[in-house]
Amino acid sequence: MAGKQPRASTAKKPGKSAGGRPSTYSAKLAAEICAYIAEHKTLRDALKQPGMPSEATAYRWLAERQEFREMYARAREQGDELDAERMREIAFDQGIPPDQKRVMIDVLKWQMARRSPKKWGDKVQHADADGEKLPAPPPFYVMGVTPAKQGE
């Protein structure tokens, strides 16, 4: 075994970190990210700013940190409200051609419906042609069946 170096222990030493890039999470940084999102900017746009973490880090924070997840969800809701106001502005803007207005509004509606389907998605109406509520379906019963015996 001459010339071979002993292997370093792979066990974690007390007081040492596991290695890798440390998380720079702080409530202030999370609030800055969410402020961009509330202004209807994308997460990618927010993370391009100086001093912001990488995309992978931000998504890890979303997965691991409840506080950040809640702030992010509120910021998205605020961004959707801004989109609703933006659609109204587009609709009444006389300088935008009607076909272009329709496309712009449809894109905003589609994005909002995907992010918050309960609030902004298409409503499904369960009614007949006259608008009357449909009756409940009849109960469905499953009955057991015994196989026939061989030879009968």
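Which residues of α1 are buried? They're L29, A30, I33, C34, I37 and A38, with buried meaning under 20% relative accessible area for a 1.4 Å probe, protein chains only. Before I go on, this is a predicted model, where local features need pLDDT of at least 70, side-chain atom pairs count only at pLDDT 80 or more, and totals for chains, interfaces and linings use all residues. Residues are numbered from 1 along each chain as its sequence is written, and side-chain values use heavy atoms, leaving out hydrogens and water.

Okay, α1 itself. Helices here are DSSP runs of H or I, at least four residues, numbered from the N terminus. This one takes in residues 27-38, and its end C-alpha atoms sit 16 Å apart, which agrees with the 16 Å that twelve residues should span at 1.5 Å a residue. The expected span is 1.5 Å times one less than the number of residues. The cover over its buried residues includes α2 (43-47), α3 (55-64) and α4 (66-92). Just past α1, H40 has a positive phi of about 65°.

Now, the rings. There are four aromatic pairs in the structure; Phe, Tyr and Trp rings (the six-membered one for Trp) pair if their centres lie within 6.5 Å, and planes over 60 degrees apart count as edge-to-face. Y25 and W61 are edge-to-face, 5.0 Å centre to centre with 85° between the planes. Y25 is in the segment before α1 and W61 in helix α3, so this pair ties together parts 36 residues apart in sequence. Both Y25 and W61 are buried. W61 also pairs with F68: centres 6.0 Å apart, planes at 85°, so edge-to-face too. F68 is buried as well. Put together, ring pairs link Y25, W61, F68 and Y72 into a cluster.

How values were computed:
Helix = DSSP H or I, 4+ residues; strand = E, 2+ residues; numbered from the N terminus. Buried < 20%, exposed > 50% of the residue type's maximum accessible area, 1.4 Å probe, protein only. Contact = heavy atoms within 4.5 Å. Phe/Tyr/Trp six-rings, centres within 6.5 Å; stacked < 30°, edge-to-face > 60°.
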